[in-house]
Amino acid sequence: MTTMKDILNRMLNHEELSREEMKQILVGITRSEYPNEQITALLTALQMRGITVDELLGFRDGILETGVPVPLDCDRYIDVVGTGGDRKNTFNISTTSCFVIAGAGYKVAKHGNFAATSTSGASNVIAQHGVRFTDDIDKLNRSINECGIVYLHAQLFAKAMKFVGPIRKALQFPTCFNLLGPIVNPSQPQCQLLGVANLDQMRLYSNVYQKIGIDYAIVNSIDGYDEISLTGDFKVTTNDYERIFKPADLGFDLAKPEELVAGATEDEAARIFDAVLANTCLPAQKNIVLANAAFGIQVLERGQKPIEECIEIARESIDSGRALATFKKFVEFNS
C-alpha cells in the first residue's frame, strides 16, 4: 500500500497522482488513516502546483463512494451551481434560476450548502422559507416528480467533508475541496450549468465534464463573477461551442454591480429571491436570472434550441407565475 510519506515525496518531485490513488487517499482520510499534518501538507502542495483533472476526479470518486447516493427516478434533470468564492456577495442567482427552470416544466436536482463567503448560500435561502432538509430517498424522489425540483443539502450526503472541515478552516486559503462542490451532487445529474470565477477553472471543469460524460454549460463573467452577471461580457463553454457574449447580444441591458448584491442579511437576500420569482424585482435582477436559466434550459435541450428561444421559455416561467407557483409547491411539500 502506498503510504502518505511516499505520496508527499512524489508531490515534492512535482509528480502527478493517478485518479485511483486520489480516490484511495480520500477513502483513507474518512477512515482517519492520516494525521492532520500530512493532509495539510498534501492540500497545500496540490494548491501550489494546481490540481490535475484526474486528481480532482479521484477525490470526486472517493466522496461519492463514501457518501450517501441519491438515485432519482427521473431520466433527465439539471443542477445549476457556482464554484463560489468570487467574493461578490450576489443574491441567490443559481437557486432562483433553478425554480425558473422547474417552472418551465424541466426537472432540477439542486445541490447546495450554507454560504461560505457571501450573505446567503442556497441552503440559507431555502431554509429561510421553512424547508427542512432530508436524506429520505423516497421523499426526495417525490419532490422532483411532484414539484419538478429537489434540493440536496450537501452536508447530509458528502460524509467525507466533515473529516477535512477543521483543516480547511485552519488553512484559510481555498483548497481543491472548494472545487469539488459542483461535481459531487449525490444524484449525479446528466446535465449541469456551472458558474466559475475564472477561465482557468473553466478549462479544468470542461475537461472534467468531458471525462464524466455529461451535458454541460460553464459560464464566467469576464469581470470575475461566477455566473452570468450582465455587468459586462461573459464567456460560455458547452459540449458544442465556446463563445463570448455581450449582454446586448441577448437583448439585455448592462447591469450595475450594485443591482446584484444580496444585501447584508439573509432576510434581505430572501426578499430579492422572492421578488424575482414574484416578478416584482429590479429589471436587472430578472434579466440576470433569465440569462442564467436560459443557458440551463439550452443544456437540457441538448443544445437543440437557440439561446433566444431558451430566454423566452425562462421569461414565460416568471411572467406566467409558474416559477413562483413551483416554489410555493416545493416549500409546502418540503416543510
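Leu199 lies in helix H10 (residues 199–212), where helices (H or I, at least four residues) and strands (E, at least two) are DSSP runs numbered from the N terminus. The model is predicted, so that local features need pLDDT of at least 70 and side-chain atom pairs count only at pLDDT 80 or more, while totals for chains, interfaces and linings use all residues. Residues are numbered from 1 along each chain as its sequence is written, and side-chain values use heavy atoms, with hydrogens and water left out.

Leu199 has a relative accessible area of 34% and is therefore partly exposed; buried means under 20% relative accessible area, exposed over 50%, and partly exposed in between (1.4 Å probe, protein chains only). Together with Ile222 and Ile244, Leu199 makes a nonpolar surface patch of about 260 Å². Patches are made of residues with over 30% relative accessible area and no salt bridge, like charges being joined within 9 Å and nonpolar side chains (Val, Leu, Ile, Met, Phe, Trp, Tyr) within 5 Å.

**The chain as a whole**

The protein chain has 14 helices and seven strands. Its radius of gyration is 20 Å, close to the 20 Å that the globule rule gives for 335 residues, so the chain is as compact as a globular protein of that length; the radius is taken over C-alpha atoms, and the rule is 2.2 Å times the number of residues to the power 0.38. Along the principal axes, the C-alpha trace spans about 60 × 40 × 40 Å. Of the 335 residues, 56% are buried, and the accessible surface comes to about 14100 Å², with 48% of it belonging to carbon and sulfur atoms. These areas come from the Shrake-Rupley method with a 1.4 Å probe, and for residues only the protein chains shown count as cover. Among contacts (heavy atoms within 4.5 Å) between residues at least 6 apart in sequence, 72% join residues at least 24 apart.

Strand E4 (residues 191–195) is mostly covered, five of its five residues being buried. Cys191, Leu193 and Gly195 point one way from E4, whereas Gln192 and Leu194 point the other way. In a regular strand the side chains alternate between the two faces of the sheet. E4 pairs in the parallel sense with strand E1 (residues 78–82) over five bridges, two strands being counted as paired if DSSP finds at least two bridges between them. Five bridges also join E4 to strand E5 (residues 215–221), again in parallel. Leu194 stands opposite Val81, and in E5 the bridge partner of Leu194 is Ile218.

**Salt bridges**

A salt bridge is a side-chain nitrogen of Lys or Arg within 4 Å of a carboxyl oxygen of Asp or Glu, and by this rule the count comes to 16.

| Pair | Closest N and O atoms |
|---|---|
| Arg19 and Asp61 | 2.6 Å |
| Glu242 and Lys235 | 3.0 Å |
| Glu309 and Lys305 | 3.4 Å |

The pair of Arg19 in helix H2 (residues 19–30) and Asp61 in helix H4 (residues 53–66) links distant parts of the chain, 42 residues apart. Arg19 is partly exposed at 30% relative accessibility, whereas Asp61 is buried at 18%. In the second pair, Glu242 is exposed, with a relative accessible area of 55%, while Lys235 is buried, with 17%. In the third, Glu309 counts as partly exposed at 36% relative accessibility, and Lys305 counts as partly exposed at 23%. Elsewhere, Arg10, Glu15 and Glu21 are linked in a network of salt bridges.
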